[in-house]
Amino acid sequence: MAKTMPDYIKNRFDIDDLTSSLGLLRVIDERGQISQAEAAEAVGLSFGTCNLHFRKLEHVGLIRRIKNISKGRGRSTGIWELDREGNFCLLLLFDVPFLYASLVDFGGKVVLEQREELSGIAESAALEGRIGDFMETALGRAGEGGGRIRQVFVGMPGSVCPHRGIVINSALFPVLDGMNFKALMQQRYGLPCHSLGLGFYHGEIRYLPPGTRAFVLEWNLGVRAVAGVGERVISHVNQESLLSEIGHIVIERNGKPCHCGKKGCLEAYASGWAMIEALGDENVQSLEAFCEAVLGGNSRALEIAGDAAYLLGKKLTWPLQTMQSKRLVVSGPLSKIFPLVRERFVEGLRLIFTDAEIAELNPVSSSDPFAAMQYGAYRCARRQFFFPDE
Ligand SMILES: [Zn+2]
């Protein structure tokens with residue numbers, strides 16, 4: 001529970017601005033348990049200044065005193081920690097036609113989880129209503145012990161226009177087009193909201209040896225890729241980097257029209273929406289249905305998926321070399337069918353790579369793309385909170 005704070009501290013600090021306390025907060029998080037004197041030394045602050053930061057961080061509910069250690073002769077020192085159970089990230093992951101909403105505490109524990117079927121929703125007002133219902137439940141749950149939601153993360157197919165902050169190109173779920181989650185969360189709930197571009201990367205590399213030069217392909221309604229060295233993403237130094245737009249690299253001049261308005265993009269041939277279009281079956285209009293068709297032995301669907309996999313293998317050889325990636329994981333909802341078309345994917349790689357290089361790359365599909373997404377989203381949200389400038 002937040003404590004009242006004397007005026008002399010309020011006057012020295014802008015309570016809502018945590019920027020100046022973040023360095024200290026990171027130290028408290030990393031060390032697990034720490035005294036004020038140890039923290040002051042670690043960040044190079046005087047004990048007095050450090051004490052003011054501690055009081056502020058306690059006031060806003062980010063840290064708590066867990067015990068006092070006796071130092072003899074009646075003196076004692078307080079031991080502090082990050083309040084992991086009292087601070088939360090809220091994740092909204094659209095995996096059309098479902099919305100998975102979850103509330104995760106700063107210790108990584110999922111305390112609330114809900115799956116919403118969105119098929120019947122045709123207007124953004126209705127979608128906002130559904131999100132609003134979950135928000136009320138989540139705010140109630142977070143507030144039970146006086147805790148707070150710190151951030152909202154939204155992951156979805158399609159992309160967010162960097163200039164207007166609204167969703168564009170959401171392909172099979174046009175209700176998302178034009179929605180501005182940042183404004184919605186800020187205006188209605190006063191919460192900062194970020195879009196989740198790289199979540200799946202952090203989720204997938206969790207099982208690779210630390211420091212692996214990894215390349216994660218998200219095979220979804222669209223096609224995205226992220227490359228990194230262990231925890232450090234190297235392909236997305238900013239939003240305008242090469243790999244974020246890999247789905248919209250033109251592979252055929254004047255080719256098939258793409259949702260982005262261009263022609264001949266990689267996505268127009270190898271993405272989920274392109275495969276659904278190519279199959280042209282009115283009963284197969286979602287990724288789930290497409291995967292079922294492939295897994296259920298629909299030979300035309302399998303052929304389409306195989307051709308897409310071959311094309312992906314062929315077109316990824318260049319970015320894989322540029323990023324010097326040594327391992328490759330296929331994530332996203334379509335990773336379910338990857339084992340059936342892996343041979344075709346490898347065939348594409350083999351146009352450039354040697355068998356030894358392919359063996360090392362060892363393309364595998366995600367063991368659980370949703371769990372990876374959720375874990376990765378939580379990692380991103382937490383990192384964004386502690387390192388907002390990255
Ligand atoms: Zn395109």
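Visitor: Which residues of α14 are buried?
Guide: In α14 those are Ala372, Met373, Gln374, Gly376, Ala377, Tyr378, Cys380, Ala381, Arg382, Phe385 and Phe386. Buried means under 20% relative accessible area, exposed is over 50%, and partly exposed lies in between, with a 1.4 Å probe and protein chains only. Helices are DSSP runs of H or I with at least four residues, strands are E runs of at least two, and both are numbered from the N terminus.

Visitor: What kind of model am I looking at, and how are residues numbered?
Guide: This is a predicted model, where local features need pLDDT of at least 70 and side-chain atom pairs count only at pLDDT 80 or more, while totals for chains, interfaces and linings use all residues. Residues are numbered from 1 along each chain as its sequence is written, and side-chain values use heavy atoms, with hydrogens and water left out.

Visitor: Back to the helix: what span should α14 have?
Guide: Helix α14 covers residues 369-386, and its 18 residues should span 26 Å at 1.5 Å a residue. The expected span is 1.5 Å times one less than the number of residues. The end C-alpha atoms of α14 are 26 Å apart, which agrees.

Visitor: New topic. What holds the zinc ion?
Guide: Its protein donors are His248 (ND1), Cys258 (SG), Cys260 (SG) and Cys265 (SG), at 2.0 to 2.3 Å. Donors are N, O and S atoms within 2.8 Å of the metal (3.2 Å for Na, K and Ca), and water is not among the atoms, so sites may look incomplete. The donor residues are spaced H-x9-C-x1-C-x4-C in sequence.

Visitor: Why is the arrangement tetrahedral?
Guide: Because the four donor atoms subtend angles of 103 to 123 degrees around the zinc ion. Four donors count as tetrahedral if all angles lie between 85 and 135 degrees.

Visitor: Are those cysteines buried or exposed?
Guide: Cys258 is buried at 9% relative accessible area, and Cys265 is buried at 0%. Cys260 counts as partly exposed, at 29%.

Visitor: How many disulfides turn up?
Guide: Zero, from a search of the whole structure; a disulfide is a pair of cysteine sulfur atoms within 2.5 Å.

Visitor: On to strands. What pairs with β7?
Guide: Strand β4 (residues 87-95) pairs with β7 in the parallel sense over seven bridges, and strand β10 (residues 193-195) runs parallel to β7 with three bridges. Two strands pair if DSSP finds at least two bridges between them.

Visitor: Why is β7 called largely enclosed?
Guide: Because seven of the eight residues of β7 (residues 148-155) are buried.

Visitor: And the five-stranded sheet, what's the order?
Guide: The open sheet runs β13-β12-β11-β14-β15, with mixed pairing. β13 (232-233) and β15 (364-365) stand at the edges with a single partner strand each, so one side of each has no neighbour in the sheet. Strands β11 (residues 213-219) and β12 (residues 223-229) run antiparallel, joined by seven bridges. Glu218 stands opposite Arg224 in β12.

Visitor: Last one: how many residues are in the largest nonpolar core?
Guide: That core has 48, and Trp219 and Phe290 have the most contacts inside it. Helix α11 (residues 299-322) gives the largest share, nine residues. Another core of 42 residues lies apart from it, including Tyr100 and Leu208. A nonpolar core is a set of buried Ala, Val, Leu, Ile, Met, Phe, Trp, Tyr and Cys residues joined through side-chain atoms within 4.5 Å.

Notes: Four donors count as tetrahedral if all angles lie between 85 and 135 degrees; four count as square planar and six as octahedral if opposite donors are over 155 degrees apart and all others between 65 and 115; anything else is irregular.
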